[in-house]
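Q: Could we go through this structure together? I would like to start with its pockets and then turn to its salt bridges.

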Amino acid sequence: MQNLEIKRHSLSHIMAEAVQALFPGAKLGIGPAIDNGFYYDFLSDHKFTPEDLKTIEAKMKEIIKARRPFVCKNLTREEAVKFFKDRGEIFKLELIDDLPAGEQISVYANGDFSDLCRGPHIEHTGLINNFKLTHVAGAYWRGDEKRPQLQRIYGLAFDSKDELNAYIKQQEEAAKRDHRKLGAELQLFSINDDIGPGLILWHPKGGALRKIVEDWIRNENIKRGYDIIFTPHIARLHLWQKSGHADFYKENMFSPIEVDEQEYQLKPMNCPFHIAVYQSQLRSYRDLPLRLAELGTVYRYERSGVLHGLL
């Protein structure tokens with residue numbers, strides 16, 4: 001693990017310590033290092049606000065100033081279960097249950113705070129600077145929407161103050177160019193809650209822009225020997241069973257629609273239709289390669305929080 005990654009992971013522990021000191025009763029989820037910093041998930045009756053992040057940051061700076069050492073303690077499974085059960089850390093108990101039998105369990109402590117963790121960590125809290133808490137988001141425990149929803153606090157961390165400030169500036173500039181913001185300002189498209197996420201209303205200006213892009217794509221396909229085809233938005237469920245989508249991709253498909261005692265399915269992909277076009281007549285090897293292209297709308301069932309505007 002690289003030094004910056006170790007610092008970022010150590011910061012997640014410091015943030016968790018600060019949160020539990022400021023908001024007693026907050027339960028710990030997980031707190032890894034990520035590409036630009038760190039996060040930690042909490043189960044808490046308190047709804048964290050932007051003002052809370054400033055308070056948590058100030059508490060973290062107190063902990064950093066105290067230069068508390070990170071100390072690793074190795075526990076048996078029984079000791080670890082008792083340790084986290086006494087603290088009411090239900091999610092840590094679940095993580096312990098998932099560990100292989102006989103594996104030694106490590107707990108890292110800094111001051112009065114302890115966390116289930118493989119490590120490694122920096123020598124002491126005073127070795128960390130150049131961080132900033134950014135925002136709070138919802139996150140289901142272990143990514144399962146049927147499990148409790150936790151609050152995830154994100155933070156940035158870099159080796160130098162200049163790198164941190166440069167990244168913050170870059171994010172501010174990116175926010176100004178967020179396609180959801182520009183789409184509304186330029187009257188290109190809109191998203192309506194009554195219609196649903198990912199189902200886009202293209203306005204006249206957006207429609208004109210989309211036509212230019214689609215015409216260019218189709219012309220480029222034709223130049224490269226592709227034939228343009230069009231296929232339906234829906235097909236009998238049998239097609240998706242035959243293609244394997246219904247067996248291997250079901251969680252990403254909308255529920256079937258019953259029409260005249262037949263089940264139909266919105267298409268999540270175009271390929272089974274293209275195969276049907278190929279199979280519509282006998283083919284010779286002299287016909288190959290057969291290149292078919294389509295700008296077809298597909299319908300995927302995406303989990304809550306996955307869709308991001310047009311993406």
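A: A pocket here is, on a 1 Å grid over the protein atoms alone, an open set of points where a 1.4 Å probe fits, with protein on both sides within 12 Å along at least five of seven lines, and lining residues have an atom within 4 Å of a point. This is a predicted model, in which local features need pLDDT of at least 70 and side-chain atom pairs count only at pLDDT 80 or more, while totals for chains, interfaces and linings use all residues. Residues are numbered from 1 along each chain as its sequence is written, and side-chain values use heavy atoms, with hydrogens and water left out.

Q: Which helices and strands each supply at least two residues of that lining?

A: They are helix H1 (3-22), helix H4 (90-98), strand E5 (105-110) and strand E6 (113-116). H1 gives the most, with three residues. Helices (H or I, at least four residues) and strands (E, at least two) are DSSP runs, numbered from the N terminus.

Q: What is the volume of the second largest pocket, and how does its lining divide by class?

A: Its volume is about 470 Å³, counted as the space filled by probe spheres set on grid points that are joined across faces, edges and corners. The lining has 10 nonpolar, seven polar and five charged residues. Ala, Val, Leu, Ile, Met, Phe, Trp, Tyr, Cys and Pro count as nonpolar, Asp, Glu, Lys and Arg as charged, and the others, Gly among them, as polar.

Q: And how much space lies in the largest pocket?

A: About 790 Å³. Of the 27 residues that line the largest pocket, Gly198, Leu199, Ile200, Thr297 and Val298 are the closest to its centre. Strand E10 (200-202) and helix H7 (204-223) each supply at least two lining residues, and by class the lining has 14 nonpolar, seven polar and six charged residues.

Q: Changing topic, how many salt bridges are there?

A: The count comes to 21, where a salt bridge is a side-chain nitrogen of Lys or Arg within 4 Å of a carboxyl oxygen of Asp or Glu. One of them joins aspartate 98 to arginine 142, with the closest N and O atoms 2.5 Å apart. This pair links distant parts of the chain, 44 residues apart: aspartate 98 is in helix H4, and arginine 142 is in the loop between strand E7 (131-140) and strand E8 (149-157). Glu94, Asp98, Arg142 and Arg147 are linked in a network of salt bridges.

Q: Is aspartate 98 buried, partly exposed or exposed?

A: Aspartate 98 is partly exposed because its relative accessible area is 46%; buried means under 20%, exposed over 50% and partly exposed in between (1.4 Å probe, protein chains only).

Q: What about lysine 267 and glutamate 294?

A: They form a salt bridge whose closest N and O atoms are 3.6 Å apart. Lysine 267 lies in the loop between strand E14 (262-266) and H10, and glutamate 294 in the segment after E15, so the pair ties together parts 27 residues apart in sequence. Lysine 267 is buried, at 1% relative accessible area, and glutamate 294 also counts as buried, at 15%.

Q: Finally, where is glutamine 279?

A: Glutamine 279 is in the loop between helix H10 (271-278) and strand E15 (292-293). It counts as exposed because its relative accessibility is 53%.
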